[in-house]
Amino acid sequence: MKKFLLIFALMGLLLLGCQKKEPDESPVIVTSISVYQDLVQNIVGEACQVKSLVSGMENPHTLDLSGSKAKLIQDADLIVFNGMGLEGWADQVKSGLKRKSTPLITVADSLAGDSLLIHGDNPHIWMDPRITKSIVQVILPELQKVLPDSAQQFRARAEQFIGELDILYQDVGYKLAPLAGEQVIVQTPGLDYFFSAFDITPAAHIVDHPGTEPSARAMTKLSDQLDTGEIFAIIRLPQFSDRLPKTLSAESGVDIVEMSPLINGTPYVDTYIDLIWYNADQLSHGELSE
């Protein structure tokens, strides 16, 4: 009898765990990074819960999917990834959803062939506000499928946000116009799309892949570039150690500018628009202070 009761209780717990959301619970949209969390939030407003698997200071290329991260994935009504190799753990998520019909979209797949995607397999495409407009257009119909009754509201919010992105691109372009044609050396390729959007040239990367170390020969080449006097700044990302940028700056006298490819990577950067403005302000500071 006791054995029967125990089995019955376990079956009850399993059934509770498999229950669908109550009708009055809002859908859960899970994004790979906080940038996409903000883009989705701009479209859905308060109609959905929007969560990010990666916070600003975490490395988006590597992620532990256990614990609360795994629960987020299982609770999701839609999962939004960037793609192009950004999420090295994407296959783990996809394999974990085989028993579930949760839709997962990879934004970069829908943008293949876009003329603005000029940096090969560099996945940091959101750093160009013009590409971000296209990203919003890719995400919108998937969000409308999650809440069909809110489709018109989502479209209106998306169109308003795209208008804000147009203004952002124009205003930041005006602010950075004095730096057009300047060259920078960047810690990693994470900001290349920002620079190309505003006619600034990343002349070299300290490392091409985060977590690696440049050879002595590569460091010498970087030093030689800095000695030409043609490099405006050394760009450091707060997600990585400042050791190498400081070494190059000390040897060359070229200033370090901190910029970020991710929301929440720096104080007071809570939205995508904050992020682009933060980077513009950081980069233009040296020019304006001269």
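Contact here means heavy atoms within 4.5 Å, and helices (H or I, at least four residues) and strands (E, at least two) are DSSP runs, numbered from the N terminus. With that in hand, let's walk through the model.

This is a predicted model, in which local features need pLDDT of at least 70 and side-chain atom pairs count only at pLDDT 80 or more, while totals for chains, interfaces and linings use all residues. Residues are numbered from 1 along each chain as its sequence is written, and side-chain values use heavy atoms, with hydrogens and water left out.

A word on confidence. pLDDT is the predictor's confidence in each residue, from 0 to 100. The protein has a mean pLDDT of 87, with 87% of its residues at 70 or more. Residues 1-20 are another story: pLDDT stays under 50 there, and the model gives that stretch zero contacts beyond four places in sequence. Where pLDDT is low, the predicted coordinates should not be read in detail.

Now the overall picture. The protein's secondary structure comes to 11 helices and eight strands. Of its 290 residues, 44% count as buried, where buried means under 20% relative accessible area, exposed means over 50%, and partly exposed is in between (1.4 Å probe, protein chains only). If you take the contacts with a separation of 6 or more, 62% of them join residues 24 or more positions apart.

On to helix packing. Axes are lines fitted to C-alpha atoms, for helices over the stretch in contact, and angles run from 0 to 180 degrees between N-to-C directions. Angles under 35 degrees count as roughly parallel, over 145 as roughly antiparallel, 65 to 115 as roughly perpendicular and the rest as oblique.

Start with helix H2 (residues 34-44) and helix H7 (residues 151-176), whose axes are 7 Å apart and pack at an angle of about 125°. H2 and H7 are therefore oblique to each other. On the H2 side you'll find Leu39, Gln41, Asn42, Ile43 and Val44, and these meet Phe154, Arg157, Ala158 and Phe161 of H7. Sorted by class, the residues of this contact are six nonpolar, two polar and one charged. For these classes, Ala, Val, Leu, Ile, Met, Phe, Trp, Tyr, Cys and Pro count as nonpolar, Asp, Glu, Lys and Arg as charged, and the others, Gly among them, as polar.

H7 also packs against H6: their axes come within 10 Å and cross at roughly 175°. That makes H6 roughly antiparallel to H7. H6 brings Pro129, Arg130, Thr132, Lys133, Val136, Gln137, Leu140, Leu143 and Gln144 to this contact, meeting Ala151, Phe154, Arg155, Ala158, Phe161, Ile162, Leu165, Asp166, Leu168 and Tyr169 of H7. The tally for H6 with H7 is 12 nonpolar, three polar and four charged residues.

While you're on helix H6 (residues 129-146), look at Ile135, which sits in it. Ile135 has a relative accessible area of 0%, so it is buried. Setting aside neighbours within four places in sequence, Ile135 touches Tyr36, Leu39, Val107, Leu111, Ile125 and Trp126. Take Leu111: it is 24 residues from Ile135 in sequence, yet the two are 7.9 Å apart in space, C-alpha to C-alpha.

Phe198 is worth a stop too, in the loop between helix H8 (192-197) and strand S6 (201-205). Neighbours within four places in sequence aside, its contacts are Pro129, Tyr169, Val172, Gly173 and Leu176. Phe198 and Val172 are 26 residues apart in sequence and 8.1 Å apart in space, C-alpha to C-alpha.

Next, helix H9 (residues 216-227) and helix H10 (residues 243-252), with axes that come within 10 Å and cross at roughly 45°. H9 and H10 are therefore oblique to each other. Met219, Leu222, Ser223 and Leu226 of H9 make the contact with Leu244, Thr247, Leu248, Glu251 and Ser252 of H10. That contact has five nonpolar, three polar and one charged residues.

Met84 isn't a glycine, but it has a positive phi of about 60°. You'll find Met84 in the loop between strand S3 (78-81) and helix H4 (90-96), and at 27% relative accessibility it counts as partly exposed. Tyr268, also not a glycine, has a positive phi of about 70°. Tyr268 lies in the loop between strand S8 (256-258) and helix H11 (272-289), and at 77% relative accessibility it counts as exposed.
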